[in-house]
Amino acid sequence: MGIPFLGQCAPRKLNVGNSHFLFQPGSPATGAAEIAHGHLASMDAVFQRCIRPACSATYGVDETAFVCGRCGGLLDVAYDWSRLEVPKSLRAFEAKWAERANPLHFSGVWRFRELLPFAQPEHVLTIGEGQTILQRADGVARYVGLEPGQLFLQYEGLNPSGSFKDNGMTAAFTHARMVGARRAACASTGNTSASLAVFCSATGLMRALVFIGSGKISYGKLAQALDHGALTVQIAGDFDDAMQRVQQVASKLGIYLVNSINPFRLEGQKTIMFRVLEALHWEMPDWIVVPGGNLGNVSAFGKAFAELADLGLIDRLPRLAVINAAGADTFYQLYEKAGLRWNQGEPDEKLIDGHYRRLDAEHIRATTIASAIEINRPVNLPKALRALEKCGGVVRQVTDQDILDAKAKVGAGGLGCEPASAASVAGAKKLRQEGVIGPADRVVCILTGHQLKDPTATVAYHTADQKAFDEVLGQRGVRRATFANRAVQVPNELDEIIKAIEVYG
Ligand code: F0G
């Protein structure tokens, strides 16, 4: 997919909160000094704030630590809306379509800029992300058990790097440029790294450093990191190991971190919900169903709805459902089994520690064919709890069998997706069977990544070769390919080919 626009900053003096930084694209990276550090700025209209109400420490918009210096909690990007200009209705955003030649209005993220107003328009960096669509999918609705017209698939695979990550990356990248960063790093199961690599190669403004678990990322995603020139570090470990290491390395070397622990990433991901509402003519759906990995999306979605409600732009909230893979189900275990709750910002740490201690003692590592969500230590856990509290959330887990069957149904019913994305559809089906979702509820499943991200899983599911099936899927407990579309083998002879078409066609 081409890159339609590059709305990038020329060297200029920036006004960030009360501080001024000079951008000098092309200047060499200089380790810890390369990120300018900020100041407490609670008087600014935009700032960062610890999510724990009991702490609520505030930090300048130019800070890059991304955890609270006082209590270690996660941070939000926070706004004093009374000092910012916000449209009186969501419908007002439609006017921007008439001005699509402006890269800021073309972007599916930045055309909602007034709802993530942390950057001046001239600082925004966009590669045309967020041109995604909401697809009504009646075939998939039938599979899930919903009435026709009630199931929609929000297809984020249409982004330039093929996943929803570009929504967050444009925001993080913009912030990175605001603070003068020259290098950006992430740990990744493959999509964050692909997105960072694309942004870096498309703009030439930063050097990408990506940490991935060795053998833990699909070839499509690894190919993107390599092809786009990212410095790719394969760690002998999994995502949870890589996440820990990248935080250490980023803080030691002063490299800008773009994982979803970065609150600016989540500002961009809020816009997935704005686009869903836009496509539904601003009518609120009953359910948003999303796969859960590091829990950035659900956290962003909860924040989006909380802010829209605070601003009086919506009059009701949807319910949120997070779907874990059964082999990477920390959130399900803690929320549904152990009863962990937000609890006004003080979730029971003993439950969380106990869970992680048990994983360590029993040497349990995350394992699922949905490698994008093969994560057992989600960094956004507290924010996700807050989102579920706000939106009456539920968590479910689905097996790899459920995921691949749902994925085949998504593919047969329209736009394809990678395995992790199909967890949302498998989860909706489960919630429908339980009666939690009603047959006439309006449900939006988020398809987070493109089908071509992980062709190995798809081809193994559809293959007629039992050995190939077992090698990729059998070891993961997948027993059948109920919805397989097998290729037909024929000799290279015209009569045989025609006979095969008549028999199978
Ligand atoms: N779906 C896909 C396709 C993903 O790549 C991810 C996360 C998720 C769902 C989970 O989203 O973390 O917001 O709960 N991928 C990250 C990565 C971890 O490194 O690419 P989440």
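How many aromatic pairs does the structure hold? The first point takes that up; please keep in mind throughout that this is a predicted model.

1. Aromatic pairs. The count comes to 10 aromatic pairs. Take Phe331 and Tyr335 as an example: their ring centres are 5.9 Å apart and the planes meet at 40 degrees, so this pair is classed as tilted. Both residues belong to helix H9, which spans residues 330-337, and because they are four residues apart there, about one helical turn separates them. Phe331 has a relative accessibility of 2%, so the residue counts as buried. Tyr335 is buried as well, at 6% relative accessible area.

2. Charges over rings. Two places deserve a look here. Arg386 has its charged end over the ring of Trp342, at 5.9 Å from the ring centre. That value falls inside the 6 Å limit used for such contacts. Lys429 places its charged end over the ring of Tyr143, and here the distance to the centre is 4.3 Å.

3. The ligand. Which residues come nearest to the ligand? There are 21 residues around it, and Lys165, Ser188, Gly293, Asn294 and Thr448 are the nearest of them. The side chain of Asn191 has an N or O atom 2.8 Å from an oxygen atom of the ligand. With Asn294 the atom belongs to the backbone, and the distance to a ligand oxygen is 2.7 Å. Asn297 also uses a backbone N or O atom, 2.8 Å from an oxygen of the ligand. As for cover, the ligand on its own has 480 Å² of accessible area, and the protein covers 99% of that.

4. Cysteines. A disulfide is a covalent bond between the sulfur atoms of two cysteines. How many disulfides are counted here? The count is zero. Cys68 is in no disulfide, and the nearest cysteine sulfur to its own is that of Cys55, 3.7 Å away. Cys68 is buried, at 4% relative accessibility. For Cys200, the closest cysteine sulfur belongs to Cys186 and lies 9.2 Å away, which is too far for a bond. Cys200 is also buried, with 6% relative accessible area.

5. The loop between H7 and S12. Helix H7 covers 263-279 and strand S12 covers 287-291, and His281 is found in the loop between them. Although His281 is not a glycine, its phi is positive, at about 55 degrees. Trp282 sits in the loop between H7 and S12 too, and its phi is also positive, near 70 degrees, again in a residue other than glycine. Are these two side by side in exposure, buried or exposed? His281 counts as exposed, at 59% relative accessibility, whereas Trp282 is buried at 15%.

6. Gln344 lies in the loop between H9 and helix H10 (349-361). Gln344 is exposed, with a relative accessible area of 63%. Its C-alpha atom is 21 Å from that of Arg377, a residue 33 positions away along the chain.

Note on methods: Residues are numbered from 1 along each chain as its sequence is written. This is a predicted model: local features need pLDDT of at least 70, side-chain atom pairs count only at pLDDT 80 or more; totals for chains, interfaces and linings use all residues. Side-chain values use heavy atoms; hydrogens and water are left out. Rings of Phe, Tyr and Trp (its six-membered ring) pair if their centres lie within 6.5 Å; planes under 30 degrees apart count as stacked, over 60 as edge-to-face and the rest as tilted. Helices (H or I, at least four residues) and strands (E, at least two) are DSSP runs, numbered from the N terminus. Buried means under 20% relative accessible area, exposed over 50%, partly exposed in between (1.4 Å probe, protein chains only). A charge sits over a ring if NZ of Lys or CZ of Arg is within 6 Å of the ring centre and within 35 degrees of the ring normal. A residue is near a molecule or strand if one of its heavy atoms lies within 4 Å of it. A polar contact is a pair of N or O atoms within 3.5 Å; within protein, one must be able to donate a hydrogen and the other to accept it, and residues adjacent in sequence count only if both atoms are side-chain atoms. Accessible areas come from the Shrake-Rupley method with a 1.4 Å probe; for residues, only the protein chains shown count as cover. A disulfide is a pair of cysteine sulfur atoms within 2.5 Å.
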